[in-house]
Amino acid sequence: MSDLETLRQAVIDGDWKTAANATRNAIAAAVTPMAVINCLMPAMDEVGRRFDCEEYFVPEMLLSARAMKASMEIIRPLLAAAGAAPSARVVIGTVKGDLHDIGKNLVAAMLEGGGFEVIDLGADVAPERFVETAAARNAQLVALSALLTVTMTSMKTTIDAFRAAGIRDKVKIMVGGAPVTEQYAQSIGADGYGESAGAAVTLARKLVMQ
Amino acid sequence: MTTLSQWLAHGPLVSDGAWGTELQKQGLPPGTPPDLWNLAHPERVEAVARAYVEAGCQVLLTNTFRANSIAMDGDLAAINRAGVAISKRAAAASTSGQVLVFASIGPLGKLLSAGEIEPDAAQAAFAAQAAALEAGGADALLIETVSDPVEARLAVAAARSTGLPVIVSFAFDSGRNRDRTMTGATPEAAAAAMLEAGADAIGANCGIGIEQAIPLCRRFRAACALPIWIKPNAGLPRMVGSTAHYDVAPEAFAAHWSALVEAGAGFIGGCCGTTPDFTRALVRARCASS
């Protein structure tokens, strides 16, 4: 098997060690970083397909995203050195009062795999921390997660904090999580809603293009 | 374990409804872990427990869902013991017969099957919580809203070491038909794993509406002979301003009582979106059918 075939299979299998080794071997054999990326994307598409077919569930998605991330970490500096455009920066976190981070971790890993630079603030993040971090790190995107109906209102508080700080127009804000709907996202003034981790990556790409 | 079947000897039992939203009505700020109130505002937690007892529930849970060392910080042993004590006080005030106190153990919030936490740490967290709940005097331990059979096995092992009856209730909210847990387990797989682990009852809560609970219940019954615990949501929430509204009315919810009993349910209550009015409706449905 070629290094890229091994890498593809390792991502699908969720084996981050093999994915990292295959990436190093490929680079040593003069495979370009772009070729590695062009291998990772269809591998994650296959993972997404298996998720849609109920072959894979959240744990398998997490492991595959981790394998993809292990490969991306090796090639990202090479891409930067080659003068590739730096990817957009995302600040992500679970909103204040909500300690659930499984969904947020999955979206963070998928965004990293999708080429974004991800600043993960963790769970139970106060609105001011989102605002301060986004401003200090010059992030283009902010991604908010919530699992509970009782904490999803912190999403609105967070968006309002960006408005109060006068930097609402400097960032695009996307929201997601079990109780969140498109309608709710619109009602609180978010720029977009992602129904799944895969949809979040597509949405993030769309938002940074705007 | 004969205790559960003794409790169920006179027919299915009504368990309580949601606590988090009721505690918010008592002034719990959104984002504050409700379990902290067992020490900070025990009288307000007891008001919620009493409301369910007054509504006629026969099984009352405890405000201890998150009180494990992975999910939150604090004096967890005291929080767990106080949680049981509060529910026992409310249960003792019942004027309509015995109310059992089943102590709530929620998931850790970290996925074992994705390597986010080590099995030893998970089992230790469950063991500490189970021991505190048993010391508080719970009648049984309820491991609820779990998704991962691997995590549930560790929880059952920890809970069984107390000698109390152990009920395990999974959240089915994933897959096209919403009949898988987040980690992909089917009712059949969950039942097989829990039989092997030595659980005394199995069930489903949260995740689903009450209509979807009926086929889940049938599938559990086909897969095992354990008593079945059912505690569905009052449908899906709809946000109006900053509060979640559930559109299913108590009577419409309780109208599914007979179908659930026929499908094999032994314990029926409500999860997110339900209130003491739902408990009253379930009690009426139970009386009407017996």
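Predicted model: local features only at pLDDT ≥ 70, side-chain atom pairs only at ≥ 80, totals over all residues.
**The strands of chain A**

Now widen the selection to strand 1 (residues 89-94) and strand 3 (residues 141-145) of chain A. Five bridges join these two strands, and the pairing is parallel.

Stay on strand 1 of chain A. Is it mostly covered or mostly open? It is mostly covered, with five of its six residues buried.

To see one of the bridged pairs, pick A:I92 and A:D120, which is its partner in strand 2 of chain A.

Then follow the chain from strand 1 to strand 2 of chain A. The path goes through helix 5 (residues 102-113) of chain A. This β-α-β crossover is right-handed.

**The two domains of chain A**

Color chain A by domain. Domain 1 covers 3-81, and domain 2 covers 89-209. Their C-alpha centres lie 25 Å apart.

Where do they touch? In this contact, 11 residues of domain 1 of chain A meet nine residues of domain 2 of chain A. On the domain 1 side, select helix 3 (33-52) and helix 4 (58-81) of chain A, the elements that each give two or more residues. Helix 4 of chain A has the largest share, eight residues. By class, the domain 1 side holds eight nonpolar residues, one polar and two charged.

**Across to chain B**

Show both chains. The contact between them takes 19 residues from chain A and 20 residues from chain B. On the chain A side, highlight helix 4 and helix 7 (153-164), each supplying at least two residues. Helix 4 of chain A gives the most here too, with four residues. The chain A side has 10 nonpolar, six polar and three charged residues.

**A helix in chain B**

Finish on helix 6 (residues 119-136) of chain B. How far apart are its end C-alpha atoms? They are 26 Å apart, which agrees with the 26 Å that its 18 residues should span at 1.5 Å a residue.

Now pick out its buried residues, among them B:A122, B:F126, B:L133 and B:E134. What covers them? The cover includes helix 5 (76-92), strand 3 (100-105), strand 4 (140-146) and helix 7 (149-160) of chain B.

Last, step past the end of helix 6 of chain B to B:G137. The phi of B:G137 is positive, near 105 degrees.

Definitions and conventions
Residues numbered from 1 in each chain as written. Chains lettered and ligands numbered in written order. Domains from an automatic or database assignment. Contact = placed C-beta atoms within 7 Å. Nonpolar A, V, L, I, M, F, W, Y, C, P; charged D, E, K, R; others polar. Expected span 1.5 Å × (residues − 1). Buried ≥ 20, exposed ≤ 12 C-beta atoms within 10 Å, placed from the backbone. Pairing = 2+ DSSP bridges. Right-handed = clockwise from strand over helix to strand, strands pointing away.
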